[in-house]
Amino acid sequence: MLNLTKLNPHRPEDRTRILENVNVTDDKVFKFLFGSEKNKDLTIDLLNSYLKDELKREISTLEFKNTEIAEERYEYKQIRYDICCILDDNETVDIEVQLVDRKDFTQRSLYYLARLYAGQYARGLPYKRLKPCITFNILGFTLFPGNSDPLSMSAMMNVRTHERINRDLTIFYLELPKFRLTDNMSKADMWTAFLSDKLTLSQKEMLGMAQPHIKKACDGVKRYLSDDAQFMRYFNEEINRMDWLSETEGYFEDGKQEGIQQGIEDTQRQTLQNLLKNGYDLKTVKIATGLSEEQIKKMASELGLSLN
């Protein structure tokens, strides 16, 4: 994660660095990409990448719905979903992005799913007509430290037999800090790479060479932040988030910065390895990794790979 507190958003070179290291899970950026009618194809492709096995089919279309629940009783806790949609077979999906760990997310995600399911009910409606509900949670922190897989799914099941009780209530958690680059990435892996902060925007555009929807998403990010007002709003929101992290977790302590730097170097090394194995030339590798020619040659030698 780029430390924005040391950058001036009005200086062209700093502005370029901010864009190159943009956080695509920022609330407004994410909703611009995945919560609008004109980008509905991005939302469908994203969900198909992760939900296809659970749904047993591919989503062909969806309809966005109101994200704010009108409360019937004043004592109910207010809910505003990030992105809520109804799929072509009437399943309801709530996509939530949570970047900071407030130590209550398992309870929150269960509450959101319960309200989503209960929100379908109308007086006189048979219970059997209730449709499945899914919450897909994108997290900027580790929720389940005992599991190394970024994507996990929870559902109602018999704890003795491990049989699913039904498919009506399902929760997905995508923990972005757990993502690691691999040689052979699935479409879901590529979307996780796009959502994570492990790659620069240029590196994400390289993924777009194989996945047109990711290319469109990268173009959408640049288009959104080309507006000065939206760029400054994004910058200020990110500064506020970093301040919160700094106050609560000492996020920019020296030791953690060293860990972040090591993570960046590991990512650059893995990206370089993938590109060279796939025959990309030196110029392309320099753009994608941000490394100098000397650094690329040194890493390539260490990895036992040749340059084209």
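## An aromatic cluster

F30, F34, W191 and F194 come together as one aromatic cluster. Keep in mind that this is a predicted model. One member of the cluster, F194, also has a charged neighbour: the charged end of K204 sits over the ring of F194, 5.5 Å from its centre.

## Pairs across the chain

In total, the structure holds 10 aromatic pairs. Among them is the tilted pair of F32 and Y224, with 5.1 Å centre to centre and 45° between the planes. This pair links distant parts of the chain, since F32 lies in helix α2 (residues 27-34) and Y224 in helix α7 (residues 212-225), 192 residues apart.

F136 and F172 form a tilted aromatic pair, 6.0 Å centre to centre and with 40° between the planes. Here F136 belongs to strand β4 (residues 133-139) and F172 to strand β6 (residues 169-175), and the pair links distant parts of the chain, 36 residues apart. Both F136 and F172 are buried.

## A charge over a tryptophan

Which ring has the charged end of R102 over it? That ring belongs to W244, and the charged end of R102 sits 4.8 Å from its centre.

Technical notes: Residues numbered from 1 in each chain as written. Predicted model: local features only at pLDDT ≥ 70, side-chain atom pairs only at ≥ 80, totals over all residues. Heavy atoms only, no water. Phe/Tyr/Trp six-rings, centres within 6.5 Å; stacked < 30°, edge-to-face > 60°. Helix = DSSP H or I, 4+ residues; strand = E, 2+ residues; numbered from the N terminus. Buried < 20%, exposed > 50% of the residue type's maximum accessible area, 1.4 Å probe, protein only. Lys NZ or Arg CZ within 6 Å of the ring centre and 35° of its normal.
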